[in-house]
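Q: I am new to this structure and would like a close look at one part of it. Please take me through the ligand site, then its surroundings.

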Amino acid sequence: MTLHADPASLTPAAASPSTGRLILVGAGPGAADLLTLRALRHLQEADVVFHDRLIDPAVLALVNPRALLRDVGKAVGANLWPQTRICAEIIAAAQRGQRVLRLKSGDPSIFGRAAEEIEAARLHGIPVEIVPGITAACAAAASLCQPLTTRGQSRQLVIASATGQSANDACLPAALQPGSSYALYMAIHRIDTLVAELAAQGLPPETAIRIVSAASTAQERVLEAPLHRLAAQVRQQGIANPAILLFTMPATASQPQATAVTIAAATC
Ligand code: SAH
């Protein structure tokens with residue numbers, strides 16, 4: 001694992017009795033009542049909260065009013081808060097003895113850049129805790145009132161980023177597996193190329209694709225369209241990020257219908 005921290009600002013040090021702690025908290029997809037009770041307790045006990053751009057104001061409203069709120073969200077194109085700076089500041093706050101809450105959308109361990117922050121804290125002897133949250137794929141399925149997997153239709157669920165390290169990299173699972181369901185994160189801004197990639201991998205043009213944008217929030221939008229009409233529909237209806245794209249690669253007739261569920265990550 002690479003530590004993306006500025007070495008000068010992150011000199012290794014042993015934990016002292018006054019050292020604070022770092023708590024990575026999943027804020028869920030947006031709706032405040034999708035927070036866990038544990039997340040709520042930490043929100044109320046925090047001294048300082050570093051939060052992402054996608055955190056809903058309704059969730060931020062639950063933070064301890066005496067806590068310092070710091071928006072470290074990365075607006076597209078802006079680089080005010082590179083990961084090195086976030087790591088440096090959360091470590092500095094914990095070293096001042098504060099309870100540092102790192103509030104991330106959905107679940108902190110899914111496309112949440114959690115690894116760098118955990119590693120930086122460990123390097124400094126700062127205790128770390130993770131509070132899981134409801135990830136966007138689960139919230140999107142709930143909004144559609146449909147399961148992410150269906151017995152007899154999908155043998156595995158693949159949670160994947162549709163975006164690579166740089167904005168336009170193709171980053172799909174190597175080959176779409178018949179009988180597998182896919183939940184694609186970070187897909188909307190490159191919908192045209194994504195549709196072409198899916199078609200090239202053999203996803204039939206009539207396959208139903210579902211998109212849920214801003215799942216669980218007041219701005220929630222749902223779109224269902226066959227693959228071949230998807231990009232046009234996204235544009236026509238103005239569907240925007242944050243959004244999750246869900247589909248199942250149809251099983252072939254000869255395929256065994258196993259019931260096991262595997263959750264696989266397929267990032268770049
Ligand atoms: N850790 C988050 C994912 C962060 S990556 C989680 O577990 O959900 C950011 C991507 O998550 C967005 O580009 C979008 O694809 C997805 N996302 C986050 N919140 C969402 C929401 N409320 N509705 C739909 N997609 C969402």
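Which polar backbone atom is 2.9 Å from a nitrogen atom of the ligand?

A: The polar backbone atom belongs to Pro 29, and it is 2.9 Å from a nitrogen atom of the ligand. A polar contact here is a pair of N or O atoms within 3.5 Å; within protein, one must be able to donate a hydrogen and the other to accept it, and residues adjacent in sequence count only if both atoms are side-chain atoms. This is a predicted model, where local features need pLDDT of at least 70, side-chain atom pairs count only at pLDDT 80 or more, and totals for chains, interfaces and linings use all residues. Residues are numbered from 1 along each chain as its sequence is written, and side-chain values use heavy atoms, with hydrogens and water left out.

One lies 2.9 Å from a backbone N or O atom of Asp 107. A polar backbone atom of Ala 136 is likewise 2.9 Å from an oxygen atom of the ligand. Taken alone, the ligand exposes 550 Å², and the protein buries 93% of that. (Accessible areas come from the Shrake-Rupley method with a 1.4 Å probe; for residues, only the protein chains shown count as cover.)

Now the shell. It holds 18 residues, and Ser 105, Ile 110, Thr 135, Ala 215 and Ala 243 come nearest. A residue is near a molecule if one of its heavy atoms lies within 4 Å of it. By class, the shell has 13 nonpolar, 4 polar and 1 charged residues. Ala, Val, Leu, Ile, Met, Phe, Trp, Tyr, Cys and Pro count as nonpolar, Asp, Glu, Lys and Arg as charged, and the others, Gly among them, as polar. Domain 1 (7-131) and domain 2 (136-264) each give the shell at least three residues. Those bounds come from an automatic or database domain assignment.

Next, two backbone details. Phe 111 has phi near 45°, a positive value in a residue other than glycine. Phe 111 sits in the loop between strand E4 (99-104) and helix H4 (114-123). Helices (H or I, at least four residues) and strands (E, at least two) are DSSP runs, numbered from the N terminus. The peptide bond from Asn 241 to Pro 242 is cis, with omega near -5°. Pro 242 is in the loop between helix H7 (227-237) and E10.
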